[in-house]
Amino acid sequence: MGEIRNLKPECIWRNFDALTQVPRPSGHLEKVQKFLLDFAASVGVEAFQDPAGNIVMRKPATPGMENRKVVTMQAHMDMVPQKAPESTHNFETDPIETYIDGEWVKAKGTTLGSDDGMGVAAIMAVMEAKDLKHGPVEALITADEETGMYGANDLPEGELQGDILMNLDSETWGKFVIGSAGGIDVTATLDYKEVATDTEDAAVKVTLKGLRGGHSGLEINEGRGNANKLMVRFVREAIEETEARLASWHGGNMRNAIPFKAEVVLTLPKENVEPLKEMVAEWKADFEDEFKTIESGIEFFAEEVETPKMEVPVEIQDNLVDAIYACHDGVIRFIPVYPDVVETSSNLAIIDIEDGKAAIKILARSSREDMKDYVATMLESCFNMAGMKVEMSGSYGGWDSNPDSEVLNLLKKVYKEQNGEEGIVQVDHAGLECSVILGKYPHMDVVSFGPTLRSPHTTTERCLIATIEPFWNLLKGALEQIPAK
């Protein structure tokens, strides 16, 4: 273990360390908004909070560079609050506990928040620096990116002054992202009247956990297990073979994270409890075999619990199970011209069934609007057949790539000078705020880049220490060479 603030470059690690001490889970950003405004005041740059909760900072040009194009550096202030089952961390009050593990910085039992704390720390480093050469720069630090890009979606038009947008939210060093997928939230709901459980029945809670989970944009193509989709296979067989009835289901907790845990409570005749436990053991062996090179820590077990008084009526239960079984999850199509990049996918993220209410939440993504509509309608059709009400929300468009971008060519040039190799230009399946900001500021020239992070949105999130210094050098070098207006 060691102090991350002592790592190089000190200006980024010190600011990132300060940021880890400020609670900033999506939806609870008052503390980090105040932190950023106080920071700007302390280093003497103009800053304000806009009506969408975003923080904007502005710093004038180094003398003699006033005629350069204005650069807007952009990152998001919120982080995904995921924690290990044994963690007692409270994301609304507790600082993130960081530690150094070999080449990586990690957090104890929680997400690290380097997505996108590293982008924010780099912006802070530019704003406080006295020795950097740059034209006029502004920062846009957005609110609630992880839950629906709310800050970017509600960004007022006419607020930004930039000609160039540098998004600092990419996760592989040496790659420049010039396009990304759009997305839409699909939510299916159903209110039902519960029925009384047979008073003679027993109840069993079945838990599936220990899956890797992951980011539903970056890691949807890795074939990882989706806890909800695995659970439904077991539940359907349990209903058929052991007269089980569904009392409740809770799986997944973030729309943009592959669910790594699900638990159901089933009621059933007492004499069928042992056969059900045997069935659990058989499914565990099946899942381990199916995912043997992908998932290593699958836990699947049953425990007897107090019998709930109410359960889901048979017809509703069967319709819900059928719909979850039929619902598409994973990759639908790759991009024909970039055959290793996912074009269209869906993530069956969250299932909550209990107390007369069922809700199923899915994030569908595509870099084509027609395919985004197709997958959303496909999901709507699936849940309509189960009698559920389906709503679409949080839609954002894809970002179309511009391979002739002036700022892209500048970044590639500086990257090659500094690192002695060519940078890689790519289109991402993960959603970036660039598409939303471009919708309001279509004149902007946009590129996204950042240091190497792995497993964001999970408790194994980590940041590769060796990539921070070159990332900082690239940002400084590019700012120094921004062309004139």
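The centres of domain 1 and domain 2, taken over C-alpha atoms, lie 34 Å apart. Domain 1 covers 10–180 + 399–480 and domain 2 covers 183–396; these bounds come from an automatic or database domain assignment. The contact between them draws 21 residues from domain 1 and 25 residues from domain 2, where contact means heavy atoms within 4.5 Å. The model is predicted: local features need pLDDT of at least 70, side-chain atom pairs count only at pLDDT 80 or more, and totals for chains, interfaces and linings use all residues. Residues are numbered from 1 along each chain as its sequence is written, and side-chain values use heavy atoms, with hydrogens and water left out.

Next, the empty space. Rolling a probe the size of a water molecule over the atoms shows where such space is left. The search runs on a 1 Å grid over the protein atoms alone. A cavity is a set of points where a 1.4 Å probe fits but cannot get out; a pocket is an open set with protein on both sides within 12 Å along at least five of seven lines; lining residues have an atom within 4 Å of a point. Grid points are joined across faces, edges and corners, and a volume is the space filled by probe spheres set on the points.

The largest pocket holds about 740 Å³. It is lined by 39 residues, and Gly217, Leu218, Gln426, Asp428 and Ala430 are the closest to its centre. Elements giving two or more residues to this lining include helix 4 (145–148), strand 17 (338–354) and strand 20 (424–428). Helices (H or I, at least four residues) and strands (E, at least two) are DSSP runs, numbered from the N terminus. The lining has 14 nonpolar, 12 polar and 13 charged residues. Here Ala, Val, Leu, Ile, Met, Phe, Trp, Tyr, Cys and Pro count as nonpolar, Asp, Glu, Lys and Arg as charged, and the others, Gly among them, as polar. Both domains give residues to the lining, so the largest pocket lies between them.

The second largest pocket holds about 420 Å³. Of its 18 lining residues, Gly210, Leu211, Arg212, Thr459 and Thr460 are the closest to its centre. Four lining residues are nonpolar, five polar and nine charged. This pocket also lies between domain 1 and domain 2, because both contribute to its lining.

One cavity reaches 30 Å³ or more. Its lining includes Thr20, Arg24, Met79, His89 and Phe91.

Now to single elements. Helix 3 (residues 114–128) has 15 residues; at 1.5 Å a residue it should span 21 Å, and its end C-alpha atoms are 20 Å apart, which agrees. The expected span is 1.5 Å times one less than the number of residues. Buried means under 20% relative accessible area, exposed over 50%, partly exposed in between (1.4 Å probe, protein chains only). Asp116 sits in helix 3, and the peptide bond from Asp115 to Asp116 is cis, with omega near 5°.

Two aspartates have positive phi. Asp144, at about 50°, is buried at 17% relative accessibility. Asp355, at about 55°, lies in the loop between strand 17 and strand 18 and is exposed at 58%.

Finally, Arg454 belongs to strand 22 and is partly exposed at 30%. Arg454 and Glu171 are 283 residues apart in sequence, yet 7.2 Å apart in space, C-alpha to C-alpha.
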